Amino acid sequence: MHEHGKSDRPVVPRKSPNKADRTAAEAVEGRGLAKGNPTRADTARTQRRERAAPNGLDRVREIARRDKAIRFTALLHHVTLERLESAYRALKPNAAPGVDGVWWHEYGQDLEANLQDLLGRVHRGGYRAKPVRRTYIAKPDGGERPLGIATVEDKVLQRAVAEVLNAIYEMDFRGFSYGFRPGRKAHDALDALATAIRRGKVSWVLDADITSYFDTIDHELLMKCVEQRIGDHRILRLIRKWLKAGVMEDTTWRPTEEGTPQGATISPLLANLFLHYVFDEWADAWRRQHARGEVYLVRYADDFTACFQHKDDAERFLADLRTRLEQWHLSLHPDKTRLIEFGRFAAENRQRRGEGKPETFDFLGFTHICGKNRDGGFLLRRQTIAKRARRKLKELQQKLRKRMHTSVPSQGAWLRSVLNGYYNHYAVPTNLETLRKFRTQVARHWHRTLSRRSQKGRVLWETMKRRVERWLPPVRQLHPWPDERFSRRHARRHPTQEPSAVVPHAGI
């Protein structure tokens, strides 16, 4: 099942830190999942049933947790018919088809026979990955983001293999890594960042983004990272097939020499795995060995933020990070990477030097602002990124025009679902006034749409107010203050850890 051996991973060698252990360093950032947590977010079982019917990966998970140098040489037998069927059920039924034109429901018309055939081809080595179908979506900066749409069969197999690999890598991933991980979401990363800024000695923030990360991952370097833990050559061949399957754009096929297609089910895990070795292990070792002050890290996919107590630490980290990424054929985005003065004393320090207000930075849809509470103390304000709000309003306006001649209840029900989804992410403390303005703009767009279709002239605002109150949900806070939720979450996992004991390392 596995083998021992020296690890030749191309990362900073580990050594016993002279400042503290890992538990202290990740107190604010949060840890990985507990060893018994299921890796499938789509599997809803009670704890009693989970104990009675283990999913077959508990042994793999336990061995991976105990020994970080083990390479697993027999994993493909965990890709079973039941796991393939579970992966199929977890896919989005209305997702667009791949190059073969087969929809989800069409593949499921003879599901058992299709999965049996797929499983047989995988185990005898006859499986061939199909190219991904290229499509584009709009990016926040006005450009286009390429997406790769895989076939249903490839999605099913990729999801099943990703579940097996997650059992191993969830034992390795750092606590400050939040993106593309089961049991973690964007608000966990936001809570960790806010808690670090509020409780820690944070005076400088490095807001960083990797240039075209998903499109520039070096395949050979990626496979070397995978091979640090995976020794099953059948699994490795499957991953290579997916990386080299190519892209079909219109009727033209072209090979893929680098990158992982955004939209493929296996891509998030591979991208996260690559940054684990390229950034996470290196950055964690750097702050333990080189930082003289507090350093906090939060990463969500290729978007990461580092908080520093001292400016010289931040500048050295940024310089070393650029060198590190170059070694792995990556680079920082020149326009999206900034080092700014930020934190509890930033406004006071800048005022004393005769400078303006502290700069702001964006992370996971929110602009982070140095503000003040009613008592004049420091308050981290988080508001919806203005560009994203405008883009969402424009999108709603265009969709309302297409629904112009549908009934008012139909339009209202649709707008209510859209706003509820929008609130689910953005209804955090300090952002409610921004959401109220957003709701008002939605109501105005709806009013214009209904007035355009009316042959009796403009719809009276009194009538419109009743419709708005009937259909548009009011703004209310859906998320607690970040440090409150973070403390509760942290206490559930580590009940002996006091919130006041949260420090990055004992060298402070």
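## Contacts along the chain

Among contacts between residues at least 6 apart in sequence, 74% join residues at least 24 apart. The model is a predicted one. The chain holds 19 helices and 13 strands, and 51% of its 508 residues count as buried.

Ala 347 and Phe 378 are 31 residues apart along the chain, and their C-alpha atoms are separated by 9.3 Å. Ala 347 belongs to helix H14, residues 346-352. With a relative accessible area of 34%, Ala 347 is partly exposed, since buried means under 20% and exposed means over 50%.

## The nonpolar cores

The largest nonpolar core has 82 residues, and the members that touch the most others are Leu 157, Phe 274 and Phe 317. Helix H12, residues 267-289, supplies the largest share of this core, with twelve residues. A second, separate core has 51 residues, including Val 202, Ile 340, Ala 389 and Phe 438.

What does Phe 274 contact, leaving aside its neighbours within four places in sequence? The residues in contact with Phe 274 are Tyr 213, Ile 217, Leu 221, Leu 222, Cys 225, Trp 328 and Leu 330.

Thr 260 sits in the loop between strand S7 (252-254) and H12. Its relative accessibility is 2%, so Thr 260 counts as buried. Not counting residues up to four places away in sequence, Thr 260 touches Phe 214, Ile 217, Leu 222, Leu 243, Ser 267 and Leu 270.

Helix H13 covers residues 311-327, which makes 17 residues. From its first C-alpha to its last, H13 reaches 25 Å, close to the 24 Å expected at 1.5 Å a residue.

Which residues of H13 are buried? They are Asp 313, Ala 314, Phe 317, Leu 318, Leu 321, Arg 324 and Leu 325. These residues lie on the same side of H13, because they cover an arc of only 130 degrees around the axis. An α-helix has 3.6 residues a turn, so residues three or four places apart point the same way.

On the face turned away from the buried side, H13 carries the exposed residues Glu 326 and Gln 327. After H13 comes His 329, which has a positive phi, near 65 degrees.

Helix H8 spans residues 186-199 and has 14 residues. The distance from its first C-alpha to its last is 20 Å, close to the 20 Å expected at 1.5 Å a residue.

Twelve of the 14 residues of H8 are buried, so H8 is largely enclosed by the rest of the structure. The buried residues include Ala 186, His 187, Asp 188 and Asp 191. Leu 190, Leu 193, Thr 195 and Ile 197 are also among them.

## A sheet of three strands

Strands S11, S12 and S13 form an open sheet in the order S11-S12-S13, with antiparallel pairing. S11 (361-363) and S13 (378-384) stand at the edges, and each has a single partner strand, so one side of each is left without a neighbour in the sheet. Direction ignored, neighbouring strands of this sheet are turned by 40 degrees against each other on average.

How many bridges join S12 to S13? Seven bridges join S12, residues 366-372, to S13, and the two run antiparallel. Opposite Arg 381 in S13 stands Ile 369. As a general point, strands of a sheet pair through backbone hydrogen bonds, either parallel or antiparallel.

## Loop residues with positive phi

Leu 364 lies in the loop between S11 and S12. Its phi is near 55 degrees, a positive value in a residue other than glycine. Leu 364 counts as buried, because its relative accessibility is 14%.

Ala 301 is found in the loop between S8 and S9. Phi of Ala 301 is positive too, near 60 degrees, again in a residue other than glycine. Its relative accessibility is 9%, so Ala 301 counts as buried.

Terms used
Residues numbered from 1 in each chain as written. Predicted model: local features only at pLDDT ≥ 70, side-chain atom pairs only at ≥ 80, totals over all residues. Heavy atoms only, no water. Core = buried A, V, L, I, M, F, W, Y, C linked by side-chain atoms within 4.5 Å. Buried < 20%, exposed > 50% of the residue type's maximum accessible area, 1.4 Å probe, protein only. Helix = DSSP H or I, 4+ residues; strand = E, 2+ residues; numbered from the N terminus. Contact = heavy atoms within 4.5 Å. Expected span 1.5 Å × (residues − 1). Arc of directions from axis to C-beta. Pairing = 2+ DSSP bridges. Axes fitted to C-alpha atoms, helices over the stretch in contact; angles between N-to-C directions.
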